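Let's take a walk through a protein together. Have a look at the sequence and the fold first, and then we'll go through them piece by piece.

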Amino acid sequence: MVKYIQILTATLFLLFPACDDSTGIIPPVLPHNPVDQGWKAVENLEYAFNQRDSELLDETLDPNFLFLLPEEEWDDYNGDGIVDTTLTRELFMSSAVNLFQEYGSVELEFSGSSENPWAGDTTGTTMMYVRNYFMEVSQGTQEGWTTNGYTIIRCRPDSSGTWRVTWIEYSQDD
């Protein structure tokens, strides 16, 4: 009987660590590295905003990145006298860095799982990820803002095989 209790006790000790996660699924460690698939670039984009990590955001964006603005947000963002319909990588990064510095909390959440090759790329390497988004920005007790809608994020691998975000367009819900 004592031997049976010892075996049962040993078995229970071995099983307890497995009980920590009833699903048996280990969540991914973020940020993803290597970024060898497009969805990993999308998750790193989300993570960069949530961590207010401009370095990771910079690494996630393609050198030729563009952020398509909805018509109601067209303006002369770079002061050259021409109305901008997109933000270049530099303007997008500058805006993000300002956001990260101005607000103590940035929460961006993507939902959805659509993943399709982008028809505009004849090589078939650019992928499109359609996501719903919710973003909440706040600073301590000061009032912040929220926005939500959907976004289309295009990603493609660079010459080293690292996937980067090349294009973002979005629409806000009214």
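Does R89 count as buried or exposed? With a relative accessibility of 15%, R89 counts as buried, because the cut-off for that label is under 20% relative accessible area. One thing to know before going on: what you see is a predicted model.

Let's get our bearings. The protein has four helices and six strands. If you read along the sequence, the pattern goes α-α-α-β-β-α-β-β-β-β. Out of 174 residues, 31% count as buried, and R89 is one of the residues with that label.

Now for the partner. Side chains of opposite charge can pair when their charged atoms come close. R89 does this with D58: the two form a salt bridge, and their closest N and O atoms are 2.8 Å apart. D58 sits in helix α3 (residues 54-60) and R89 in helix α4, so this pair ties together parts that are 31 residues apart in sequence.

In total, the count comes to five salt bridges. Another of them joins the side chains of D62 and R156, at 3.4 Å from N to O. Here D62 belongs to strand β1 (residues 61-68) and R156 to strand β5, so the link ties together parts that are 94 residues apart in sequence.

One more is worth a stop. The side chains of R154 and E169 meet in a salt bridge, 3.8 Å from N to O. R154 is in strand β5 and E169 in strand β6, so the pair ties together parts that are 15 residues apart in sequence. R154 counts as buried at 12% relative accessibility, and E169 is partly exposed at 23%.

E169 has a second contact to look for. T151, which is found in strand β5, reaches the backbone oxygen of E169 with its side chain, at 2.8 Å. T151 is buried, with a relative accessible area of 3%.

Next, see how some of the strands line up. β3 and β4 run antiparallel and are joined by 11 bridges. β4 and β5 also pair in the antiparallel sense, over 12 bridges. You can follow a row across these strands: N116 stands opposite M128 in β4, and the bridge partner of M128 in β5 is R154. That's the R154 whose side chain meets E169 in a salt bridge.

What about empty space? Rolling a probe the size of a water molecule over the atoms shows where empty space is left. The largest pocket has a volume of about 600 Å³. It is lined by 21 residues, and the closest to its centre are F67, F92, M135, W145 and Y170. Several elements give two or more residues to the lining, namely α2 (38-51), α4 (89-102), β3 (105-117), β4 (127-139), β5 (142-157) and β6 (163-172). Which of them gives the largest share of the lining? That would be α4, with four residues. By class, the lining has 16 nonpolar, four polar and one charged residues.

Most residues other than glycine have a negative phi, and most peptide bonds are trans. Go to the loop between α1 (2-15) and α2, where you'll find P31. A cis peptide bond joins L30 and P31, with omega about 0°. P34 is also placed in the loop between α1 and α2, and the peptide bond from N33 to P34 is cis too, with omega near 10°.

The last stop is R52, in the loop between α2 and α3. Its phi is near 55°, a positive value in a residue other than glycine. R52 counts as partly exposed, at 34% relative accessibility.

Methods. Residues numbered from 1 in each chain as written. Predicted model: local features only at pLDDT ≥ 70, side-chain atom pairs only at ≥ 80, totals over all residues. Heavy atoms only, no water. 1 Å grid on protein atoms, 1.4 Å probe; cavity = no way out; pocket = protein on both sides within 12 Å on 5 of 7 lines; lining within 4 Å. Points joined across faces, edges and corners; volume = space filled by probe spheres on them. Nonpolar A, V, L, I, M, F, W, Y, C, P; charged D, E, K, R; others polar. Salt bridge = Lys/Arg side-chain N within 4 Å of Asp/Glu carboxyl O. Buried < 20%, exposed > 50% of the residue type's maximum accessible area, 1.4 Å probe, protein only. Pairing = 2+ DSSP bridges. Polar contact = N/O pair within 3.5 Å; in protein donor to acceptor, adjacent residues only side chain to side chain.
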